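Hi,

Here is the structure I promised to pass on. Have a look first, and my notes follow below.

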Amino acid sequence: MTKQDLVQRFCGYFRRNETKSMLRETAKLAVMLLISLLFAIVVILIASKEPGEAIRVFLFEPFADSYNFCRILTESLPLMFTGVAVCIMMHAGQFNMFVEGGFFLGAFVSAVLAPELASESAPFIVPFFCIVVGATAAGLVGYIPAKLKSRLGVDEFVSSLMLNYIVLWVVLYLVSNVCGDPDGVNVTKYLEDYAKLPFLSADNELSMGILFAVAAAVLGWVFLFRTKWGYALRITGRNPRFAAHCGMNTRAVVTYSQVIGASVAGFGGGVYMLGNYYRFSWRTLPNYGFDGFVIAIMVRNNPMAVPLAALFLGYLRVGSQLMAQLTDVQNEMIYIIQGLIIILFGAKFLLELTLRRKKKAEEPKEPTAPEEPKEAKEAAA
Amino acid sequence: MNDYIRMVGITKVYPNGVVANDHVDLGIARGEIHAIAGENGAGKSTVMKVLYGAERAEGEIYIDGEKREISSPKAANALGIGMVYQHFMLVNEFPAWQNIFFGTELRNKAGFLKKKEMIARTKQLCEQYDMQVDPLQPCGQMSVSTAQKVEILKVLARGATILILDEPTAVLTPQETEQLFRQLRLLKESGFTVIIITHKLKEIKQLCDRVTIMRQGKSVGVYNVADVTEADISRLMVGRDVATRMEKAPANPGETVLEVQGLTVAGPGGKNAVDGVSFKVRTGEILCFAGVEGNGQREVIGAVSGLQKNYTGSVVFRGKDIRKMKIRAIRREGMSHIPEDRLKSGCDASSDIFENLIALDYDRNCRAGFLKLKPLRLRSQGQIERFQIKGTLKQKMSMLSGGNMQKVIIARELQGDPVLVIADQPTRGVDVGAIEAIHKELIAMRDAGKAVLLVSADLNEVFNLSDRILVFHEGKITAAIKDVGSVDEFQLGNYMLGIETMEEIDA
C-alpha cells in the first residue's frame, strides 16, 4: 500500500458517519469534563486559604514529573477494569454491585496464591496464572446473585450488595486466621518481585497492568459489539420480551453477563494487587467497584471510552492527593467533585437537547445521526 | 375562507433529519368532522401534535381568525383544543374519574380533593355524551374501547370544543367503531369540531364531512367527502392506484405442518379462553383466524408459537410436540412469527434496523463466536431494498413509522426459508402502500409452498388473503369456511358474533 493510499484511507475514516458521531461524543465528554474541573476550582476557592497555589497544584502538579504522571496511570487502572465490568452488566440491564466484591476477592486470591506458587524461574507466567485464578474465583462467587436472578428473580442489586459484605468479612477472617503472613498482622505474605507483574518502569512504580486494563477495554468492546454473545446480551438488556420472542436464551444472558462482569472485576483486582502492592492489607472494601459505575455513566456504557474516563478520574485523584500533601485542602474534596460529575452526567441528557437544538438552528437541512437520549436517561437512573 | 382553525406553512424537521411536515396548510371549519388522511409517515400525527402544542414547528396557527402561539398542550387546552392519542395516556391503576380529572382536580378551600363531586361530574359527563363508563373502575381493567371513552371524556372535561383523535379506530372492533362514530356524530351535533387522523378509507366516507389528504409531509388537498370516492382518496394518499382486491392464484394445499387437537386454555374468571379447539394448517395455503378480538385467537397463537405453555390438548408442529420445545428449537424447525405487539415483542425500538434484522439467525452467521458482519450487513441492505424500507442500517427503529417498522419485522421473519409463517395482525396501523406490499409477500410465501397462519380483525384482509377461514367466537371455532368466495361480509359477521354456527366444522 502506498503512502497516498494510507492518507486517503485515514481521511476516509474521518469522513465516515460513525467516526463523526464518535468525535462528537468525545467533544461532548470533553465539555462535561471541563465543567467538572470548573466545579473543582470553585470548591477549592471555597475550601482553601491559598487557592491560587492549591489550584496550581491540583491542575498542573500531576503532570509535573514522570512519577506523578505514572501515578495517574496507576490510579486509573482499577477504574478501567471495574468500569468495563459495569459497562458489560449495564448493557444486559443488570445492576450488579458485585464488581466491588469481585475486585476485592480477585485481589485477595491472587495475593494468597502468588507467594506460594512463584519461583524466580517463571517471573511473568505464575503471577498471571494467579490473577486468572482470582478472576475465576470472583466469577464463581458472582454466579450466586446471577443465578438467583435468572432462576428465582431475586433482585441482583440487593443480593450482590449484600454479597460484597459477606466476601469482605470472609476474606478478613481468612487473612487473620488461615492464610495470613505468620510474621505480620492481618496481612498476607510478602510478594517478591518475581511474584508480581513486571514493571514497565520500575522508577515510576508503573506496572504492566495498565496494558491489561486497556486490553480489557478493547476486549470488552469487541465482546459486546462483535460477538454473538454480546449481541444477545445487548438485545436482552434492551428488550427481554423481544429477545425471548426471537428464541434467545434470556436467562443465560442474565447469568453470563453478571459472571463475566464479576470476572473482569476480579481480574482487575488481581492485576492491581500483583502490580502495585507488596501484600494484601485491605481492611475495607476499596470502593473501586462503585467507582466503576461513575465511569460507566460517563462513557454511556461504551467500554472503548472507559480508559479515557478512568484517566480523567485518575488525574483528579492524583491532583487532589498532591493538593492534600502540599497545601491546606483536604483529599476528601475529590469526592465532592466526583459527586458533581455524577450529577452532571445525569443532566447530560438536558445538555444534549440544547446542543441538538442549536445545531439544528445552524444547519437545518443537514441530517444528523440519531441520538440516544434514552440511554442517557437510563444511565442517569 | 372562513376557517375556524387555520394552519399556515407548518414545517417540522425532526432531529434525525426527517422532514415530517413541509409547508403544510390546513383549514378546519367550525362544527365539522374533518379527516386527516395519509399513509403512515405522511406527517398526519405531527401536524396535529403541532396544533396540540406537543411539537414545535415553524408556521402560523390561527384560531377563529386570531393568530395564536400554541407552545404546550396546556396552552392548547386553554384554547379549547384536546387530543386523544393513539396510545392512551391513562394511569392504569387509577379509576376513571381520577384519570378524567388528573391535573385539573376539583379541590375545596383547604386543598382537599372533592371526590364525590368529581365522581358525580364524571357520571354527568357520561350521560351527557352517551358514553357508558364506570367512574370507579380502574382504567387498567377496562376494555380498549372503554379506555378510549375515558380519554375522550378527559378531553371534554377540560372544556375542549375541538377534539383531535389519532387513529381512534385502530384498536376497536367493528361494533365498537360504529359506537364511537355515533358518539362523534353526537358531539358534532352539539357544536364540537372533530378532527380524526386515519388511513381507513371506509371510515372517512362513513363519518367525515371533509378530508385533508397528506402525502410525504405535504398537504395534497382538501375535499368534500361527498365529492370523492374511496378510490380517489386512496389514489391521492399513495400517489398511485392501489389494488384493493389482491390477485392470487388458487391455493394448492399440501401436507399438514401444524396440527392442533383439543386445545384448551384457561382464561380469567374461570372461563376457558380457548375451549377445545382443533385445526390443521397445511403448506401452500393461507389459513385465517377471523373474529372479533379477544375471542381466543391470541391464546391459540400463544400456544402454537410456544410462548405460552399453560394449556391442555396437543400442538404438533412437523411431528414434534411444541410443548417440549424451546422457542429457539421451534424457530429452527421452521416456524416464524410476526407478533401482534409490534413494539414489545416484534422489535427492539432502541436498536437499529440492522440489529433488528439479524435477531433470528445471528448465531448461525458466526465464526468462532464473532458475527460475520460483512455478509450480514450485505444481506440486511438487500432486505431494506427488497422491502422498500425507508431507512438505513444504522437508523434506530424508534425513528421509523409504523409501516416501515412492520416491514423490518416481516423482512426478518420471512428470511431463512420458514415452513410456517404466523402473521398476527400484520397490517394493523400500517399505511395502504405497505399493506399491499405485506399482502403480496404473504401470498408469495404461500405460492412458494409455505404454510401461512393469518390472524386478522380486518375483514378486507381476511377476504383478500385467506384460502380458508376459521371463525372464532368465545374460544370456539364457529365456522370453518373452505370456499372463501361463497360467504359475504354479512354472513361472516354472523359467525363472528356467534349468531350463527356451522353445524359441521372440519378445520
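Which residue in strand 8 of chain B is the bridge partner of B:Ile36? That would be B:Ile197. Before the rest, some housekeeping: this is a predicted model, where local features need pLDDT of at least 70 and side-chain atom pairs count only at pLDDT 80 or more, while totals for chains, interfaces and linings use all residues. Residues are numbered from 1 along each chain as its sequence is written, chains are lettered from A and ligands numbered from 1 in the order in which they are written, and side-chain values use heavy atoms, with hydrogens and water left out.

Back to that pair: strand 3 (33-38) and strand 8 (193-198) of chain B run parallel over five bridges. (Strands are DSSP E runs of at least two residues and helices H or I runs of at least four, numbered from the N terminus; strands pair if DSSP finds at least two bridges between them.) Both sit in an open, mixed sheet of six strands in chain B, ordered 6-7-8-3-9-10. Its edges are strand 6 (81-84) and strand 10 (218-224) of chain B.

Now for the other chain. Chain B puts 38 residues in contact with 28 of chain A, contact meaning heavy atoms within 4.5 Å. Three salt bridges cross this interface (a side-chain nitrogen of Lys or Arg within 4 Å of a carboxyl oxygen of Asp or Glu). One of them joins B:Glu355 to A:Arg234, with the closest N and O atoms 2.4 Å apart. Helix 11 (342-346) of chain B gives the largest share of the side of chain B that touches chain A, four residues.

Cheers
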